[in-house]
Amino acid sequence: MSETSRKLTTIFCADVQDYSRLMGKDEEGTLSTLRRYRDAMKRLIEAHGGRVVNTWGDGVFAEFPSVVEAVRAAIDTQNELAGYNAASDPGKQMLFRIGLNLGDVIADGNDLYGDGVNIAARLQSRAAAGGIVISNTVYDQVRNKVAVGFDFLGQLEVKNIEGGVPSYAVRIGGVQVVDTAADYRSAPEPAPARVPGVAAQEEPALQDWRRSIGISLVVVIGLAALNMLTWHGEFWAKWPILAILWVAAFRFARSSKQVDIGIARMAITGVGLVAINLFTWHGTPWAIWPLLGLTIAAALRWVNRPRSGA
């Protein structure tokens, strides 16, 4: 007999929307399409370090050691299958729903059991056709690491889980894909989980971001106007204006999920160095050397960055 053990893993659960209807119309054609789509899904799962645990009926059940790679695999899967469907007859298109959960499970040989698995299956059942729904445990790990948007759906009712499971829909290609008829309970979005000893990353709301940028612009314009009104042949406001714009640019890069924060910081630093060189110009373009170093570092980061499924 195989021994059982417990482990923390990311569960990937997918099945086909309206599979019975498709089989009723064309059993052989539907089975052929299912095999083709499953092969593509298996290839993408393994490319992201995952393992297909089981396939049953029209479903696919897999696990990933990396939460980020699980989300990327799900996004890649939906994007690739969307391409397959675009070339198919509308009545024969096969749309998968995917649910992801990070949880503690029981491993019995190659099989997995427990609430962590059940939650992933429940999330999958509430995703829209072609969509992805993730639990809050997945969201807390990937919200600043994957270049897609997320929409808080509320508390998903799950058997044996008191209070439900906070869940999120993944925006694929900037579009929210979620089953609007899902039985979610309205609830405020929970605060991101904090890991003891690790500082939580700031994620300012859009309204706060607009307010901070607006204040920066007002201060910059005020300094420029004050400099003009008290002009004595010196543009003294350039230094505080540069500092304010520099800080505002860093805040924008940090709050945006669509840019690589490391590359953005290098780009902002490079622009700042060029501005300082121009403001202190004495005939020597000294900024070219640190700018070259930043460019090489940014290029290396770009080439070696983790593959994104967005």
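Colleague: D18 first. Buried, exposed or partly exposed?
Modeller: Partly exposed, because its relative accessibility is 41%. Bear in mind that this is a predicted model.

Colleague: What does the D18 side chain meet?
Modeller: R21, in a salt bridge. The N to O distance is 3.9 Å. That sits just inside the 4 Å cut-off for a salt bridge.

Colleague: And how accessible is R21?
Modeller: R21 has a relative accessible area of 41%. So R21 counts as partly exposed.

Colleague: How many salt bridges does the structure hold?
Modeller: The count is 9.

Colleague: Which residue does E63 pair with?
Modeller: R51. The closest N and O atoms of this salt bridge are 2.7 Å apart. The pair links distant parts of the chain, with E63 in strand β3 and R51 in strand β2, 12 residues apart.

Colleague: Is E63 buried or exposed?
Modeller: Buried, because its relative accessibility is 8%. The cut-off for buried is under 20%. R51 has 29%, so R51 is partly exposed.

Colleague: Which residues are linked in a network of salt bridges?
Modeller: K7, R51 and E63.

Colleague: What about R171, which side chain does it meet?
Modeller: D151, in a salt bridge at 2.7 Å, N to O. R171 lies in strand β8 (residues 161-172) and D151 in strand β7 (residues 149-158), so this pair ties together parts 20 residues apart in sequence.

Colleague: How accessible are the two ends? Start with D151.
Modeller: D151 has a relative accessible area of 15%, so D151 is buried. R171 comes out at 28%, which means partly exposed.

Colleague: Which residues of α2 are buried?
Modeller: T30, L34, Y37, R38, A40, M41, L44 and I45. Seen down the axis of α2, these buried residues fall within an arc of 165°, so they line one face of the helix.

Colleague: Which exposed residues sit on the face turned away from the buried side of α2?
Modeller: E28, R35, D39 and A47.

Colleague: Which residue reaches the backbone nitrogen of G29 at the start of α2?
Modeller: D26. A side-chain oxygen of D26 comes to within 3.0 Å of that nitrogen.

Colleague: And what follows α2?
Modeller: G49 follows α2, with a positive phi near 80°.

Colleague: Zoom out. How many helices and strands are in the chain?
Modeller: The chain has 9 helices and 10 strands.

Colleague: What share of the residues is buried?
Modeller: 38% of the 310 residues in the chain.

Colleague: Next, contacts between residues at least 6 apart in sequence. What share joins residues at least 24 apart?
Modeller: 68% of those contacts do.

Note on methods:
Residues are numbered from 1 along each chain as its sequence is written. This is a predicted model: local features need pLDDT of at least 70, side-chain atom pairs count only at pLDDT 80 or more; totals for chains, interfaces and linings use all residues. Side-chain values use heavy atoms; hydrogens and water are left out. Buried means under 20% relative accessible area, exposed over 50%, partly exposed in between (1.4 Å probe, protein chains only). Helices (H or I, at least four residues) and strands (E, at least two) are DSSP runs, numbered from the N terminus. The arc is that of the directions from the helix axis to the C-beta atoms. A polar contact is a pair of N or O atoms within 3.5 Å; within protein, one must be able to donate a hydrogen and the other to accept it, and residues adjacent in sequence count only if both atoms are side-chain atoms. Contact means heavy atoms within 4.5 Å.
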